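Thanks for coming, everyone. Please have a look at the structure on the screen, and then I'll walk you through a few spots.

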Amino acid sequence: MKISNKDLLPTFRNVGREQNVFKNRVLVACLIMLLCVAIVSTRLVYLQLYNHSHYKTLSQENRLKVLPLAPPRGYIYSRNGVLLAENRPSFSLHVVPEKAATMSATLGEVAALLEFEQGVLSRFAKKLEEQERFESIVLGPDLDEQQVAVFSVNAHRFPGFFVEAGSSRHYPMGSILSHVVGYVGRISGPDFETIDAKQYKATTHFGKTGIEKAREELLHGKVGYQTVEINAQGRIARSVEKSPPVAGADLYLTIDTDLQLEALKSLGNRRGAVVALVPTTGEILAMVSTPSYDPNRFVNGISQDLYRKWNSSADRPLFNRILQGQYPPGSIAKPFIAFAALEAGLRNAEDVVSCNGSFSLPGQRHRYRDWVKNGHGLV
């Protein structure tokens, strides 16, 4: 192979060119860095100056939380001061899921110990899916004294479970005035379409029937609010501010409980209805529909078996015969027709009519017959 002298000459670096390339690269890198800093600075200016109030509000909401406070429901009395609906102390069993060990097994033990119905566990399972695990959930809504005593003795066995005192609607006269006073029940999904959701944020019950439903707005009152500070885990650290709720108004009905009891006594075990009014004012003194039912069974949720029994009974205790019954008027219309004839001067109080058991309109062959075959004679 032949090698020329040119190939044997040494190769020299172009230092000037390399420096220019390096400077260009450094310049491009600096420009990119300056552009990034400008973008970040612009974003910081936008967040700090233009959106300051918005993010300040979000920050406050992360630290402070407004909790609604339920107003005490108003009482209902009769015209003579007899208590018909009240709020009595009650005890409920609560659970904090994150503090309870082996939830499913523990629930079974507690249900067996306090003799809960199956429906109680079903409702609790639904609430468990909807609420946070660090929030307390109601398991047993209305414990009697024996259940409270039994749980208190065994409370050490069930961490995360505790009994809390509260209030529950109660009807002292029970079935005697159930069709008049009505009852309250738990608010369900469709109920929120007819009520102001803001006023019921802390309320679990509202009027379903009777006076409880008709005067719900007066009885409910106005919701209050409490501002609390919460920590990073969402738990309440302290109370900052409190606006107390306004209690519902107390109602006094025109019902006379003594007359109500007499009307109920007169019906006995028969199906029927009795209404007594003051003719001059229209005040209702007594309003009885029998058979009746105990409204207290609806307050914290009636069992399916009992509701099915009442609903399918031939006596229909849930049926308000006074307001829902449709009956032929019969002779009820006759006094009003007589009053109209007297007022128009077509008849006077001394007129005597012979009733022979039937009547036909002039020019008509049809005979309207009396319930007495031979008529009532001279009337």
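Predicted model: local features only at pLDDT ≥ 70, side-chain atom pairs only at ≥ 80, totals over all residues.

Now the helix itself. Is α12 buried or in the open? Helix α12 covers residues 334–344, and of its 11 residues the number buried is 1, so it lies largely in the open.

Next, N300. You'll find N300 in the loop between α10 and α11. N300 has a relative accessible area of 15%. Buried means under 20%, so N300 counts as buried. What does N300 touch? Leaving out residues up to four places away in sequence, N300 touches P141, D142, S168, R186 and H205. With one of them, S168, there is a side-chain to side-chain polar contact at 3.4 Å.

On to charges. How many salt bridges does a search of the whole structure find? The search finds 6. Take R73 with E212: their closest N and O atoms are 3.0 Å apart. R73 sits in the loop between β1 and β2, and E212 in helix α7, so the pair ties together parts 139 residues apart in sequence. Both R73 and E212 are buried.

R73 also meets E216 in a salt bridge, 2.6 Å from N to O. This pair links the loop between β1 and β2 with helix α8, 143 residues apart. Both R73 and E216 are buried.

Last pair: E283 and R79, at 3.2 Å. They are 204 residues apart. E283 is partly exposed, at 28% relative accessible area. R79 is partly exposed too, at 42%. And one network, built from salt bridges that share partners, joins R73, R169, E212 and E216.

Definitions and conventions. Residues numbered from 1 in each chain as written. Heavy atoms only, no water. Buried < 20%, exposed > 50% of the residue type's maximum accessible area, 1.4 Å probe, protein only. Helix = DSSP H or I, 4+ residues; strand = E, 2+ residues; numbered from the N terminus. Polar contact = N/O pair within 3.5 Å; in protein donor to acceptor, adjacent residues only side chain to side chain. Contact = heavy atoms within 4.5 Å. Salt bridge = Lys/Arg side-chain N within 4 Å of Asp/Glu carboxyl O.
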